[in-house]
Amino acid sequence: MSHKLRQIISSVQPEGINQGWSRKSCKMMKFMLLFSRQGKVRLQKWFYAVGDKERKKITRELVSIVLLRKPKMCNFLDWKDFKIVYKRYASLFFCCAVEDSDNELLTLEVIHRYVEILDKYFGSVCELDIIFNFEKAYFILDEFLLAGEIQEPSKNRVLRAVENADALQEENQEAEATRSILEEFGLS
Amino acid sequence: MMSGIMNKTFNYAVDMLRSTYGAESVDMKTLFQALSTFEENDEVILKFLKHIKTLFDGSSLHQKRKFLTVVIFCSQQCFGSDIKLCLGGFGPVVITYIERSKTIWDKKLGYLTLTSLIESNSGEIIYLAVNTTLKDISSKHSVLITMALDVACHLTSVDLVPVLLPVVEKRLTHSEASVRSKALITLHSMYRLAPEFLLNYHNHIKVALSDRNPEVMAASLACVHDVVKKDPSSHSNIPKKLIFILEQVVQGNLPIAFSRHGISAPNVQIQILKILHCCEIDEKWKASLPNVLSEMMNRCQNNKNNVAFAVLYECIHTVVRLYKPSHDMFKSALHILRKFLSSNQANHLAAGLELLTLVTNIDISCCFQFQNIIMKSMEHPDETIKKQTLILLQALITNENYKVICSHMIRQLDRFEKPFFVKSFSEKLAIVAEKFVHDQGWLISTLHSIMRAARENVSPYVSNRILTYFSKASSTDVSAELKQCHQLLIGELSFHHYKVIANIIGKYCTLEENSLESLIDVLIKQAHLQLKTTVNMSLSSRYCCSLISSVSCWSLCRT
């Protein structure tokens, strides 16, 4: 099979096994994107099944639309059949897509809550923290946004869940580093 | 073939993955810098991933963690199908890693890698991951259970619902609230996929709604919403329960940890109001609502935080739907609406205009007190606000003011550039104008004005309607219309507009020779221009056909 033919066949996206997460399901949030002022996507979380090509297309279009918005403009805009709620924090844009019937002011509040938790966890969070610790940013996101719905955890539970795992990781790292040094010197 | 620099970077990245020492953050920083050099080069990324796969089994735990982070990074980037296939091959490796991990952190990382792979790949990995996930959901450690339930939400597909369901249902009675709430959310995602498997779903929701812990109660609200939306009539006792919960929340009976900027559990309050929108209206529960709503509005009125406005927005929505304009609640709602519309924040103004449109659809007279604000918003620099104002103007159209408002809306449409919005709005405008079909002459000239304002992004609906009305018009109207076409052709028009005019002239030319000749001249000039510039040959050829038919009709008329 030629390379071009393979490309054409692969571009016809097969229906994902997660068929139920269709666009028509009434989840609160459809997806969340974090991108820099240069348009580089730092984090993306999709709450409905969508193929890679469409994801790339949606991301590219949205990034270009949001980056063109001026600072004092409203944080909401309509795009295709979604409502987009975005907010800029320093060099990062936090962008969410919600249903037409959803409360945009509440979505803005959800974004703000996520940023507050990131700030508390990383201590004065900046874009670099998200770039080099994106897995922690995902863990935190999972604690309060699951399957597109907002969970209502108590303020500190989110941080406790991630910090507990962190403490265990640090203990293990130290133990492992010590062990590997000892191994090198033949002292294990 | 890799260039010299690419080669060097590639080898450096591979060496870094093999290294044991060094602070993780420094390594990852340089590693990601290296990866971003590869970004546009699929072959290099593929080679890099294959390298990682071969190194994985023999590496230390520290190295494995780095590899997994790289895999998560790559699966988020939406590369081509070859790389996707290669990433899919990591499934068994990651599952083995999860099963063998001894710490919570490693399990968490493993599960995150798995969910990223599932999101980007969604193939057999789902079926491979089921057993591991089931084992962890059945574990004794609550942190493990919550982690596994997170994954179960991503894993859920129609085939796997019967497998996951019994295990998840058991967790609904766990002692920890976080486990119960996550189990409920997982159950909800299964319900959305395959409701026929969930026989006891309504009972589970009822129990969760009455749960002592607010977290579980909050998680159950999304489930209640879906269930009530599907069948409002069979859940007539739900509104009473919800209003009771709302009262407790608004009065601040929840622990302080659930309050945000002075508002107690705002998400719960908003969700409950949304569910009440879907319920069947009953006078009993409707009568108990005004007190709660007034309390909500009083507590939020003086709070300047965004979350207070979010709650007020939902309150106004509820009041406008449930109560008549003569009711006191409606008047209080209008009073609060003024707060939105006179806020200096664009977000509040946009939300206020949306609410005002809702109010206007119910009682148009409520809008008059906000006339100044509407006039100001029409000139607002923000496109979202201008768009919202246009939608509001649509709602304000009556038999008396339709001409003024439509002309104003067309003038506003001219200023928009976004193709998607212009197309949809031009169609909406045309539909609104068609309500006044008794005034044929005005209707056709309005449709022409819409075509002119929308330019290249006009909806095809508008051009079709012009031709339809033209075909039904009387002979005097036709001659008046042809004169109008003559006027229009003096200015610059879009290609679609020239096409419509060519069609009209082709079918209905009854003008004198001279004026028709000048019309045809303009159209022929356009044809030349289009043939030179337009890529879409079918469009240009259709244009030329209509032009030819108009010329032939004219020559027939001459003879």
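**Strands, a sheet and a helix**

In this predicted model, A:Met32 stands opposite A:Lys45, which lies in strand 2 of chain A.

Q: What makes strand 1 and strand 2 of chain A a pair?
A: Two strands count as paired if at least two bridges are found between them. Strand 1 (residues 29–36) of chain A and strand 2 of chain A have 5 bridges, and they run in the antiparallel sense, so by the cut-off of at least two bridges they are a pair.

Q: In what order do the strands of the open sheet in chain A lie?
A: The sheet is formed by 5 strands in the order 2-1-5-4-3, with antiparallel pairing.

Q: Why are strand 2 and strand 3 of chain A called edge strands?
A: Strand 2 (41–46) and strand 3 (76–79) of chain A each pair on one side only, and this is what the name edge strand refers to. From one strand to the next, the twist averages 20°.

Q: Which elements make up chain A as a whole, and how do they follow one another?
A: Chain A has 6 helices and 7 strands, and from the N terminus on they run α-β-β-α-β-β-β-α-α-α-β-β-α. Of the 188 residues of chain A, 55% count as buried, a word that stands for a relative accessible area under 20%.

Q: How do you know that the length of helix 14 of chain B agrees with what its residues should span?
A: Helix 14 (residues 238–250) of chain B has 13 residues, which at 1.5 Å a residue should span 18 Å, and its end C-alpha atoms are 18 Å apart, so the two values agree.

Q: Which residues of helix 14 of chain B are buried, and why are they said to line one face?
A: The buried residues are B:Ile238, B:Pro239, B:Leu242, B:Ile243, B:Ile245, B:Leu246, B:Val249 and B:Val250. Seen down the axis of helix 14 of chain B, these buried residues fall within an arc of 165°, so they line one face of the helix. An α-helix has 3.6 residues a turn, and therefore residues three or four places apart point the same way.

Q: What covers the buried residues of helix 14 of chain B, and what does the face turned away carry?
A: The cover includes helix 12 (201–209), helix 13 (214–230), strand 2 (263–264), helix 15 (266–278) and helix 16 (283–301) of chain B. The face turned away from the buried side carries B:Lys240 and B:Phe244, which are exposed.

Notes. Residues numbered from 1 in each chain as written. Chains lettered and ligands numbered in written order. Predicted model: local features only at pLDDT ≥ 70, side-chain atom pairs only at ≥ 80, totals over all residues. Heavy atoms only, no water. Helix = DSSP H or I, 4+ residues; strand = E, 2+ residues; numbered from the N terminus. Expected span 1.5 Å × (residues − 1). Buried < 20%, exposed > 50% of the residue type's maximum accessible area, 1.4 Å probe, protein only. Arc of directions from axis to C-beta. Contact = heavy atoms within 4.5 Å. Axes fitted to C-alpha atoms, helices over the stretch in contact; angles between N-to-C directions.
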